[in-house]
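Me: I have a protein model open and would like to learn how to read it. Could you take me through some of its features, one at a time?

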Amino acid sequence: MKRVADSWLPARLGIFFLLALVVQASLADDVIQRASDLLQRMADALKSLNYEGTLVYSHENRLEALHLVHRYEEGQVQERLLSLNGPVRAVTREPDRVMCVLPDGHPISVKRPSGAGGLLNTDGIFPEHLGDHYRIEIQGIARVAGRDTEVVGIIPRDDLRYGYRFYVDQETFLPLKSDLIDSNGASLEQLMFTAITVDGNTPTVSARVEESGLRGAPVAPVEGRWRFDEPPVGFQLVSQGVMDNPSGALVEHFLFTDRLSAYSIYIEDDTRDGLRGSTHIGAVHAAGRQIDGYQITAVGEVPPETVEAAVLSVRRVDDPSD
């Protein structure tokens with residue numbers, strides 16, 4: 001009898017591991033579905049609700065207090081952001097323009113880029129499309145600004161990109177806290193409401209976010225005389241075009257994304273004061289070098305390794321058909 005029992009043991013272990021894999025896959029699907037639902041409701045709430053509150057922005061061991069007023073009227077979003085400490089600084093976002101008051105009191109107004117997001121750019125995040133480079137986790141319940149939130153983590157699988165941790169209000173689905181995180185889950189920047197008032201009379205708008213904009217853009221073919229050999233893993237070209245530099249020179253612009261993070265490459269034939277090496281402002285990193293008299297600069301809210309690899313990937317060809 002003992003010999004018979006021993007012969008069944010491998011088969012029973014095989015069935016056990018198979019069932020474990022099935023259960024694990026089912027749980028993973030449930031997490032993806034729950035995260036996708038929360039992120040969708042969060043993106044809708046950010047666009048369709050009227051709210052006002054005080055925020056704290058934490059970065060590089062510094063704290064800044066801000067006051068945000070967000071209004072949604074007749075299908076259009078308006079935002080006003082005012083710095084509460086230091087020199088008076090304010091940003092007002094209208095549907096077609098962005099107006100700023102600089103620390104010296106000087107106002108400027110610029111055309112708002114098509115598809116530009118608000119203070120929190122949460123559009124087009126689809127967890128089901130991020131699995132190759134991010135882990136999706138539901139990280140429990142936390143209390144923020146006196147309200148209960150459900151926490152969604154989008155954690156990078158490597159050191160070439162940053163992720164996010166969103167604290168989504170269980171009542172309104174607004175993100176009451178947002179962390180920019182590295183592959184270890186450590187916070188690099190935080191944006192958190194300390195107090196918020198939501199207009200309860202705001203009509204609920206079903207604004208299903210379509211897979212458009214940067215994160216949902218199709219892969220673009222490379223055209224012209226520039227090529228990108230071995231860009232950082234997971235990033236693909238989705239847009240290219242020509243921009244006017246304030247100096248009058250034309251700048252070629254190439255936009256890459258991994259469907260969550262993104263960086264841009266700018267190429268111009270004016271190498272004066274061009275960046276060589278790397279630098280950063282907060283979590284936004286830049287790297288630059290020169291090729292055949294052209295200035296190559298990569299910029300993005302990504303780790304320094306990513307922009308450095310991005311500029312090294314660039315080469316120029318004599319024949320655009322190559």
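Reply: Gladly! Let us start with the named elements: helices (H or I, at least four residues) and strands (E, at least two) are DSSP runs, numbered from the N terminus. In this protein there are three helices and 19 strands. Residues are numbered from 1 along each chain as its sequence is written. The model is predicted, so local features need pLDDT of at least 70 and side-chain atom pairs count only at pLDDT 80 or more, while totals for chains, interfaces and linings use all residues; side-chain values use heavy atoms, with hydrogens and water left out.

Me: Is Asp 292 buried or exposed?

Reply: Buried means under 20% relative accessible area, exposed over 50%, and partly exposed in between (1.4 Å probe, protein chains only). Asp 292 has a relative accessible area of 62%, so it is exposed. Glu 60, at 41%, counts as partly exposed. Of the 322 residues of the protein, 39% count as buried.

Me: How do I read a nonpolar core?

Reply: In soluble globular proteins, nonpolar side chains tend to be buried together. A nonpolar core is a set of buried Ala, Val, Leu, Ile, Met, Phe, Trp, Tyr and Cys residues joined through side-chain atoms within 4.5 Å. Here the largest one has 34 residues, and those with the most contacts inside it are Tyr 51, Ile 154, Phe 166 and Leu 174. Helix 1 gives the most to this core, with six residues. Apart from it lies another core, of 19 residues, with Phe 256, Ile 291, Val 302 and Val 307 among them.

Me: Which residues is Leu 174 in contact with?

Reply: Contact means heavy atoms within 4.5 Å. Leaving aside neighbours within four places in sequence, Leu 174 is in contact with several residues, including Ala 45, Leu 49, Tyr 51 and Val 198.

Me: What does the side chain of Thr 172 make a polar contact with?

Reply: A polar contact is a pair of N or O atoms within 3.5 Å; within protein, one must be able to donate a hydrogen and the other to accept it, and residues adjacent in sequence count only if both atoms are side-chain atoms. The partner is the side chain of Asp 169, at 2.7 Å. The Thr 172 side chain also reaches the backbone nitrogen of Leu 174 at 3.2 Å. Thr 172 lies in the loop between strand 9 and strand 10, and counts as buried at 13% relative accessibility.

Me: Why is the pair of Phe 256 and Tyr 263 stacked?

Reply: Rings of Phe, Tyr and Trp (its six-membered ring) pair if their centres lie within 6.5 Å; planes under 30 degrees apart count as stacked, over 60 as edge-to-face and the rest as tilted. These two rings have centres 5.1 Å apart and planes at 10°, so the pair is stacked. Phe 256 is buried, with a relative accessible area of 2%, and Tyr 263 is buried at 1%.
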